[in-house]
Amino acid sequence: MVGIQMHEKVCPMIDASNISYRYNVHPVLTVDAFHLDSGRHAIILGPSGCGKSTFLHLLAGILTPQAGHLQINGTEIKDLSQRGKDTWRGKTIGFLPQRLALVPSLNVADNLLLSNYANDTAADNRRAETLLLALGLSDKVKSYPHQLSGGQKQRVAIARAVFNRPQLLLADEPTANLDDAACSSVIELLTTQATEVGASLIVATHDARVLTALPSATVLRLAGMTAADGGRDE
Ligand code: ADP
Ligand code: MG
């Protein structure tokens with residue numbers, strides 16, 4: 001519920017209520033209420049298959065819930081046209097997909113500059129240089145994804161996700177298959193970058209170590225839907 005203020009309008013970063021999403025017949029995800037204030041971080045926690053990636057795709061406006069309300073920084077996602085959603089997403093959302101999705105035929109700098117292309121803005125080489133320097137990738141500007149280690153690829157994907165200074169940075173299982181040290185450093189990198197651009201960070205994970213690495217985050221636990229739950233679709 002959005003609080004009504006007499007003197008100033010305060011928009012939470014996320015205000016979701018009674019969300020339900022189904023790919024086929026049965027809902028795979030229901031969220032009764034989820035609220036996140038601007039600048040706060042959150043963890044979407046739960047076992048494999050419980051709907052974490054689906055929820056991130058709803059937050060990114062890639063999927064639209066069949067029921068419920070979802071406002072991101074004051075914008076009701078389902079009120080946007082498809083084109084409006086694409087424009088909104090380019091300006092508002094940074095997405096770190098689990099499979100990174102770097103374009104293999106483009107070098108590191110061009111993978112970042114794709115964000116400009118997608119947003120129809122001029123190529124910001126300076127932003128690319130600054131980010132790659134901050135992420136320890138200055139010597140990889142002209143390298144292609146296949147020439148990078150797994151960790152380097154992930155840092156390029158993080159740089160690409162924050163390139164447009166998003167309001168909301170979504171990371172899908174960023175610590176999967178990482179040892180403890182790498183897990184802490186990836187979460188630290190994500191929080192540093194989120195703070196740098198003033199974004200809220202949301203990490204979807206089944207990895208309980210993230211709870212320790214992000215101690216002040218709001219936690220949304222998803223339990224997953226059974227077929228019986230699905231049968232109660234209202
Ligand atoms: P998680 O990220 O928590 O592992 P997902 O959001 O990927 O969970 O998936 C939630 C449920 O939705 C799973 O049962 C999965 O099989 C199902 N699902 C995911 N994507 C699709 C799809 N494109 N079509 C049909 N079912 C899907
Ligand atoms: Mg997933």
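Predicted model: local features only at pLDDT ≥ 70, side-chain atom pairs only at ≥ 80, totals over all residues.
Trainee: OK, so at what angle do the axes of α3 and α5 cross?

Mentor: The axes of helix α3, which covers residues 108–119, and of α5 cross at roughly 25 degrees, and they come within 8 Å. Angles under 35 degrees count as roughly parallel, and therefore α3 is roughly parallel to α5.

Trainee: Which residues in α3 and α5 meet there?

Mentor: From α3 there are Val108, Asn111, Leu112 and Ser115, and these meet Val156, Ala159 and Arg160 in α5. Sorted by class, the residues of this contact of α3 with α5 are four nonpolar, two polar and one charged.

Trainee: And is the way α3 passes α5 left-handed or right-handed?

Mentor: α3 passes α5 in a right-handed crossing, and the crossing of α3 and α4 is right-handed as well.

Trainee: Since you mention α4, how do the axes of α3 and α4 cross?

Mentor: Helix α4 is made of residues 125–134, and its axis comes within 10 Å of the axis of α3, with a crossing at roughly 120 degrees. That angle makes α3 oblique to α4. The contact is made by Val108, Leu112 and Leu113 of α3, together with Asn125, Ala128 and Leu132 of α4.

Trainee: What classes do the residues of the contact of α3 with α4 divide into?

Mentor: They divide into five nonpolar and one polar, with no charged residues.

Trainee: What about α5 and α6, how do their axes sit?

Mentor: The axes of α5 (residues 150–162) and α6 (residues 180–197) cross at roughly 20 degrees and come within 11 Å, which makes α5 roughly parallel to α6. On the α5 side the contact involves Gln154, Arg155, Ile158 and Val162, while on the α6 side it involves Val186, Leu189, Leu190, Gln193 and Val197. By class, this contact of α5 with α6 has six nonpolar, two polar and one charged residues.

Trainee: Changing topic, which residues are around ligand 1?

Mentor: Around ligand 1 you find Tyr23, Asn24, Val28 and Pro47, and then Ser48, Gly49, Cys50, Gly51, Lys52, Ser53 and Thr54.

Trainee: How far is an oxygen atom of ligand 1 from an N or O atom in the side chain of Thr54?

Mentor: That distance is 2.5 Å.

Conventions
Residues numbered from 1 in each chain as written. Chains lettered and ligands numbered in written order. Heavy atoms only, no water. Axes fitted to C-alpha atoms, helices over the stretch in contact; angles between N-to-C directions. Helix = DSSP H or I, 4+ residues; strand = E, 2+ residues; numbered from the N terminus. Parallel < 35°, antiparallel > 145°, perpendicular 65-115°, else oblique. Contact = heavy atoms within 4.5 Å. Nonpolar A, V, L, I, M, F, W, Y, C, P; charged D, E, K, R; others polar. Near = heavy atom within 4 Å. Polar contact = N/O pair within 3.5 Å; in protein donor to acceptor, adjacent residues only side chain to side chain. Left-handed = near helix turned anticlockwise from the far one by under 90°.
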